Amino acid sequence: LHIVEAMLALAPVVTEDPVIPDLWTENLPQMVEYLKSGGFDQTKWEDVCRKLLLSTATCRATPEGLVDEAWATQLADTLLAQLSTYSAPERVEYKRFALAMVGVVASRSSDKAYVGSVVEALLENSDHSSSRQREGCARALGHLASAHTDLVLERLSRLSAPAKTTTWFGMSRPDPNEKSYGELSRATAMLAYGYVTLRSPPSLMSARLEPHILPALASFHEAKAELKEAGLLGLTLIGRGIKRIPGYILRPKPSFM
């Protein structure tokens, strides 16, 4: 409550650009009123915060009337830089939400190289042994996939696969060309496939589900507990996502049952 009240007080002077102060002055009083009402709902609150952040990221326009992507990427980079402040165990819920919001803001960029760097930064800044941080990272990747579906799917295909090895005189060792975030990063990938299915354009998902997404989840039941849990959650989200695709029939359904 105090943070939102401080934002409201600072709104007139936070920037010389009149758009953001007007946006905050219009929305923040309603947020203060909601917090004072006593009927707090975490999911609803996070959705309100997401909408305000997205509006802030897209409120500036170029002379051509397009979204000012430089402003959106600056905001995403600032959020990324703040992730380290949520490293304490008691702040894991803050980090979960902050990770997801990085994806919301960075998805406004059309620069594929930049988005690819954000994907790596998200994976690197997530503790994949934490189910809450896995959720935040997976949600972020889902938001990024809403505008960069194939880029995210390509990275998930490598992340979800067993670690590659190279052979040297008959001995196996990790592939030095593949960045690794530990075995449990595969659990993050399995969950992310669900959020990608939920967030990506339905027209793309109808052509990506069977060749790219479902095969990655086919053997999760044979893995360790964390991977099984993530696989089940991912499949649940995929089921919800499939409902968004008009007329889609899941052909491999019997094998998954």
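**Notebook: salt bridges and charges**

I began with R50 and D47, whose side chains meet in a salt bridge, 2.7 Å from N to O. I keep in mind that this model is predicted. Both R50 and D47 lie in helix α3, which covers residues 42-58. They are three residues apart, about one turn of the helix. I checked how open D47 is. D47 has 30% relative accessibility, so I noted D47 as partly exposed.

Next I looked up E93. Which residue does E93 form a salt bridge with? The partner is R132, and the closest N and O atoms are 2.7 Å apart. This pair links distant parts of the chain. I found E93 in helix α5 (residues 92-106) and R132 in helix α7 (residues 131-145). The two are 39 residues apart. E93 is partly exposed, because its relative accessibility is 34%. R132 is partly exposed too, with a relative accessible area of 30%.

I then followed the links from this pair. E93 and R132 belong to a network of salt bridges.

Where do K224 and E183 lie? K224 is in the loop between α10 (202-217) and α11. E183 is in the loop between β2 (171-174) and α9 (185-199). The pair therefore ties together parts that are 41 residues apart in sequence. I noted K224 as partly exposed, at 39% relative accessibility. E183 is also partly exposed, at 44%.

Which residues gather in a patch of positive charge? I listed R199, R240, K243 and R244. R240 sits in helix α11, residues 225-242. Its relative accessible area is 48%, so R240 counts as partly exposed. The cut-off for exposed is over 50%.

My last entry is S160. I found S160 in helix α8, residues 149-160. Is S160 buried or exposed? S160 is buried, because its relative accessible area is 6%; buried means under 20%. I then looked up what S160 touches, leaving aside neighbours within four places in sequence. S160 is in contact with R186, A189, Y193 and A216.

Conventions: Residues are numbered from 1 along each chain as its sequence is written. This is a predicted model: local features need pLDDT of at least 70, side-chain atom pairs count only at pLDDT 80 or more; totals for chains, interfaces and linings use all residues. Side-chain values use heavy atoms; hydrogens and water are left out. Patches are made of residues with over 30% relative accessible area and no salt bridge: like charges are joined within 9 Å, nonpolar side chains (Val, Leu, Ile, Met, Phe, Trp, Tyr) within 5 Å. Accessible areas come from the Shrake-Rupley method with a 1.4 Å probe; for residues, only the protein chains shown count as cover. A salt bridge is a side-chain nitrogen of Lys or Arg within 4 Å of a carboxyl oxygen of Asp or Glu. Lys and Arg count as positive and Asp and Glu as negative; His and the chain ends are not counted. The place of a charge is taken as NZ of Lys, CZ of Arg, CG of Asp or CD of Glu. Helices (H or I, at least four residues) and strands (E, at least two) are DSSP runs, numbered from the N terminus. Buried means under 20% relative accessible area, exposed over 50%, partly exposed in between (1.4 Å probe, protein chains only). Contact means heavy atoms within 4.5 Å.
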